[in-house]
Amino acid sequence: MTTKLIPAERFSMQELTELYNQTRVDYLVPMPMNADRLAEYVHDFDIDLTHSCVARAADGQPLGLSMLGVRREKAWITRLGVLPASRRTGAGSAMMDFMLTGAASLGLRETDLEVIKNNTPAHNLFLRKGFVETREYLVMRRAPHPITEPIQGNVAWLKFDEALDVLQSYPEHITWINAYESMRNTPDFEGLKIELRNGGTGWLVYRNTKYTLRSTLSHLIIHTENGDPNEVGMQLLLNLHNRYLHHDTYAENIHKNDPHLSTFQALGYFTNFSRIEMRRPF
Amino acid sequence: MAKILYIEDIQDNITLVEKIVTSRGHEFLYAKSAEQGLELAFSSTPDLILLDLGLPDADGQTLSVWLKGDPALANIPIIVLTAWPEEVVQHTVEAYNLNGYLCKPFSMQALLKIINEALGTKAL
């Protein structure tokens, strides 16, 4: 099948949203969006619509969509999807080539992406395009419930700039969506620092997203500076959830070997699905 | 007969569930987003909510927290209708204190059975 690739900037956000939702209708983990959310996504994650694309058949029928994030020397491929009836036609491969060529033309050093674990067709496509697996991450949820554990520690709540400062000091790799550059683009980024009596110290940063009627917590990153990660992490999370007792929480891209993982689980977080991060150097 | 609110963004699914629900004489309402669903729940106080987990603004888990968090809506049973993997749905229903689930695709009989169970009725 002949695939025509058109820069995504030529489409309205509504058109891109409708196409994106059609590509995800039978997805392993359905994640539809509306135009406002997609516009936020484009803004927050530095999506370059010039180098993102819509795939169409020769007769003009839409086949799929893919987006490219661009930051300094790095690119990030996201939202790649092909309509169910148009899969195995080469549209996904053609969109990948469009974006990788675009990234190369911008002089970028490497390209990252994440694929949902067990999405074998997409995973195989990325392997064929030269990507290699780097890390595995968990996407976890926690429903609000009463805190029964004792809460300790001297806590300082961090406003936007303070939360950004501590995130910038994080020594471990962070995926694109939780990175400093992403949080810098969002108005709802906050955090807290803690000092325990036994000398343990650490911080937790997160987004506190306000919808029209309610709020949720997401994009959590925990770091223990001194002491036992289980103890420090537990008190950071207890203080957070005690402050926001009724908030639903979505912890996205927590490394599967994160030292605070057992603490998340002890406080009622459960895994929704896993993602494999992949990288392709130029 | 009961008033049933279905919160789901895909029109084909709405049409299918509407046919099944109204065939048994229930009143059928629907919303295509979490915020519309919340507003409709407040304004109509349904007897039962059927909830998709993948919604375009906030997802179904988050919406269930909002619904359960309001005293006027907290006791309305919520049944999840979703294409998510069954193991994840089981965890979700348990963690979010929901009343049951059906994984898509489902049969008319299965939907009516779970609706009847949630409404506490036997032969609608």
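In which order do the strands of the open sheet of chain B run? The order is β2-β1-β3-β4-β5, with 5 strands in parallel pairing. Welcome to this predicted model, in which chain A and chain B touch each other through 22 residues of chain A and 21 residues of chain B.

- One of the pairings joins β1 (residues 3-7) of chain B to β3 (residues 48-51) of chain B, which run parallel and share 4 bridges.
- To find this pairing in the structure, look for B:Y6, whose bridge partner in β3(B) is B:L50.

**Helices across the sheet of chain B**

- Helix α2 (residues 34-44) of chain B lies across β1, β2 and β3 of chain B, and its direction is at about 170° to β1(B).
- Helix α5 (residues 108-119) of chain B lies across β3, β4 (78-82) and β5 of chain B, and this helix runs at about 175° to β5(B).

**Chain A as a whole**

- Chain A contains 8 helices and 12 strands.
- With a radius of gyration of 20 Å, chain A is close to the 19 Å that the globule rule gives for 282 residues, so chain A is as compact as a globular protein of that length.
- Buried residues make up 43% of the 282 residues of chain A.
- If you take the contacts in chain A between residues at least 6 apart in sequence, 71% of them join residues at least 24 apart.

**Two domains in chain A**

- Where they touch, domain 1 of chain A brings 8 residues and domain 2 of chain A brings 7 residues.
- On the domain 1 side of this contact, the elements that give two or more residues are α2 (35-44) and β3 (62-71) of chain A.
- That side of domain 1 of chain A is made of 3 nonpolar, 2 polar and 3 charged residues.

- β1 (residues 3-7) and β2 (residues 53-57) of chain A are antiparallel partners joined by 5 bridges, and A:K4 has A:R56 as its bridge partner in β2(A).
- β2(A) also pairs with β3(A) in the antiparallel sense, over 4 bridges; here A:C53 has A:S66 as its bridge partner in β3(A).
- These two strands, β2(A) and β3(A), form a hairpin with 4 residues between them, and A:G60 in the turn has a positive phi of about 95°.

**Where chain A meets chain B**

- The element that gives the most to the side of chain A that touches chain B is strand β12 (residues 270-281) of chain A, with 3 residues.
- The residues on this side of chain A divide into 12 nonpolar, 6 polar and 4 charged.

Conventions
Residues are numbered from 1 along each chain as its sequence is written. Chains are lettered from A and ligands numbered from 1 in the order in which they are written. This is a predicted model: local features need pLDDT of at least 70, side-chain atom pairs count only at pLDDT 80 or more; totals for chains, interfaces and linings use all residues. Ala, Val, Leu, Ile, Met, Phe, Trp, Tyr, Cys and Pro count as nonpolar, Asp, Glu, Lys and Arg as charged, and the others, Gly among them, as polar. The radius of gyration is taken over C-alpha atoms; the globule rule is 2.2 Å times the number of residues to the power 0.38. A residue is buried if 20 or more other C-beta atoms lie within 10 Å of its own, exposed if 12 or fewer, and partly exposed in between; C-beta atoms are placed from the backbone. Two strands pair if DSSP finds at least two bridges between them. Axes are lines fitted to C-alpha atoms, for helices over the stretch in contact, and angles run from 0 to 180 degrees between N-to-C directions.
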